[in-house]
Structures are given as C-alpha cells and as structure tokens.
Amino acid sequence: MRILLSILLLYACINVFAQPRAAFTHISTEDGTGLASNVVHSLYQDQKGFIWVGTANGLQRFDGSKFVSFHVSKPGYDEMPQAAVSQVIPADSGKLMLAMVPIRSFGIFDPSNFTYKKIPIKVSRPIPARSQFWVWKTSEGKIYITISGFGLVVYNKKQQAFIEEDPFHLPKNWLPKTAGIFEDTIQQRYWIAADSGLCIYDKTSRKLWYRNYNPANIPALNNPALQGHIDRVYIDRERRLWTIGWAKNNQYILCMDSTGA
C-alpha cells in the first residue's frame with residue numbers, strides 16, 4: 001500500500017486536537033519524511049508523544065513531522081538486527097520490547113541511550129519450525145510470548161531471557177492460539193482461545209474454566225459455537241464478546257453479549 005492507513009489515522013487524531021479542523025496527512029516512502037517502508041507492522045506512542053514504528057525495514061521514531069531510523073551497534077551492547085520489526089511493546093522505564101518474528105529475534109531497546117539487549121528464548125524442548133509468535137503484556141506488567149504449537153514463555157528479568165511458564169494451567173495437550181489471549185481487567189479474567197476450545201481463567205480464584213469444567217456456569221463455555229476453531233477473542237467497551245475463527249475453510253466473526261450465550 002502506498003498510503004499507510006495506521007499512521008494516517010494516528011496522525012489524523014493528533015491533528016484533531018491540534019487544529020480547529022480535522023486534517024489528514026498522507027505519509028509514504030515517497031513524501032520526503034523518511035518512512036523506511038510502506039509495510040508497517042506495529043505502532044506505539046510513548047509518554048513523550050513519540051510514535052515508534054515497526055516497519056519491514058526496521059525501527060523508526062516519528063515526532064509528528066519526520067522519521068528517524070535506528071541502527072544500533074554500541075560497544076558493550078548487542079547489535080540490533082536489520083530486520084522487520086513485527087511488534088513494539090512498552091517495557092519498564094520507558095524501554096521497548098521489540099519482536100522481529102521473521103528471524104525469531106527479540107530484544108529490549110532503550111531510547112534514553114540508544115542501546116539494544118537481545119533477549120533469548122530458553123526452553124527445555126524444541127520449538128516447532130513453523131511456529132508463529134505473538135508478544136503481549138499483562139496489566140501487571142509481565143511480558144509473554146505465545147508460540148503456536150508450543151505454548152507460553154514469559155520474560156524473566158533476572159535471567160534476562162524468556163522462559164517457559166503456563167500461568168493458566170491449561171488442560172493437557174491444549175495450546176493457546178497465537179493471538180488468542182485477552183485480559184478482561186473489569187472482571188479480572190483472561191479469555192483464552194485454545195486449539196481445543198475456549199477457556200476462561202479467573203484471576204480471583206486462580207481457576208481455569210472450560211467446557212468440561214464450568215462451575216460458574218458461564219454461558220460462553222456451554223455455547224457450541226465457541227468450542228471450535230477460535231483464533232481470537234475480544235471484549236469491547238460495550239462489553240460485547242467478539243470471536244474470530246474458522247469453519248469449513250471459511251473465516252467467521254461472531255459478536256454476542258458479554259456472557260457469550
């Protein structure tokens with residue numbers, strides 16, 4: 001795409017507050033602003049207002065008028081790979097967790113001194129060759145990676161590595177979908193789209209509920225439509241439950257009330 005829809009929308013929002021009338025600015029690799037690629041995978045705006053952009057050609061910072069590219073290589077630190085940045089996730093103290101999924105590389109970038117630290121994945125069993133990776137952060141600040149066909153790993157600050165952890169204690173042989181975990185901070189629950197059906201982890205009781213164990217009698221766990229091939233689950237501001245999945249090689253989207261009835 002010649003025009004970046006995601007950046008377009010964010011920049012338009014900035015202009016809405018800055019000007020009496022809303023305005024749209026089209027940004028591409030050909031407008032002289034320095035965008036590294038028209039393929040943008042991730043966007044994150046920090047507390048200073050900078051927009052960090054994960055592109056097919058690396059990490060960039062947008063200040064509202066121009067882009068700055070970062071190719072980090074400092075003595076005593078790791079060199080940032082020249083690869084597509086799939087995700088930009090806020091870490092502690094203003095740092096950024098970068099995911100470069102095509103090369104299975106993850107690391108922490110520090111904007112205060114422009115340094116980079118590679119974060120390895122240390123696991124006891126092989127990760128399937130075709131696995132997909134999705135980085136996500138909890139409301140408590142823990143950073144996880146969901147790995148398809150494998151499970152979950154969590155960032156351990158002391159070890160400076162991602163290590164194996166299953167905080168939800170999923171049923172045996174059940175695996176979460178790559179981007180299938182949603183945290184409901186209102187009800188203090190995690191909704192988990194797994195390869196064998198829907199699960200709900202209740203943070204208060206520390207119990208996992210699913211179709212074969214539903215003591216709270218949650219309608220969503222009794223709904224046959226939510227026990228098949230679900231890839232994603234999401235609850236919006238109006239407390240509507242959305243799921244995305246596949247049936248007979250066709251993708252479907254379901255929207256229902258928050259009970260999932």
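Reader: Which strand holds Arg 189?
Author: Arg 189 lies in strand β15, residues 189-194. Strands are DSSP runs of E with at least two residues, helices are runs of H or I with at least four, and both are numbered from the N terminus. This is a predicted model: local features need pLDDT of at least 70, side-chain atom pairs count only at pLDDT 80 or more, and totals for chains, interfaces and linings use all residues. Residues are numbered from 1 along each chain as its sequence is written, and side-chain values use heavy atoms, leaving out hydrogens and water.

Reader: Why does Arg 189 count as buried?
Author: Its relative accessibility is 18%. Buried means under 20% relative accessible area, exposed over 50%, partly exposed in between (1.4 Å probe, protein chains only). The value of 18% is under 20%, so Arg 189 is buried.

Reader: What makes a polar contact between the side chains of Arg 189 and Asp 202?
Author: The distance is 3.4 Å. The cut-off is a pair of N or O atoms within 3.5 Å, one able to donate a hydrogen and the other to accept it; residues adjacent in sequence count only through side-chain atoms on both sides. The Arg 189 side chain makes another such contact, at 3.2 Å, with the side chain of Gln 187.

Reader: Which residues does Arg 189 touch beyond four places away in sequence?
Author: Among them are Phe 182, Ile 200, Tyr 201, Trp 209 and Ile 218. Contact means heavy atoms within 4.5 Å.

Reader: What makes up the largest nonpolar core?
Author: It has 17 residues. Met 97, Phe 106, Val 135, Ile 143, Ile 145, Tyr 155 and Phe 162 have the most contacts inside it. Strands β6, β7, β10, β11 and β12 each give two or more residues. The largest share, three residues, comes from β11. Such a core is a set of buried Ala, Val, Leu, Ile, Met, Phe, Trp, Tyr and Cys residues joined through side-chain atoms within 4.5 Å.

Reader: What is Phe 162 in contact with, leaving aside neighbours within four places?
Author: Its partners include Met 97, Phe 106, Ile 143, Ile 145 and Tyr 155. Ile 119, Pro 120 and Lys 122 are also among them.

Reader: Why is Ile 253 called exposed?
Author: Its relative accessible area is 56%. That is over 50%, so the term applies. Ile 253 is found in strand β20, residues 250-256. With Tyr 234 and Trp 242, Ile 253 makes a nonpolar surface patch of about 310 Å².

Reader: How many helices and strands are in the chain?
Author: Two helices and 20 strands. Of the 261 residues, 44% are buried.

How values were computed:
Patches are made of residues with over 30% relative accessible area and no salt bridge: like charges are joined within 9 Å, nonpolar side chains (Val, Leu, Ile, Met, Phe, Trp, Tyr) within 5 Å. Accessible areas come from the Shrake-Rupley method with a 1.4 Å probe; for residues, only the protein chains shown count as cover. A salt bridge is a side-chain nitrogen of Lys or Arg within 4 Å of a carboxyl oxygen of Asp or Glu.
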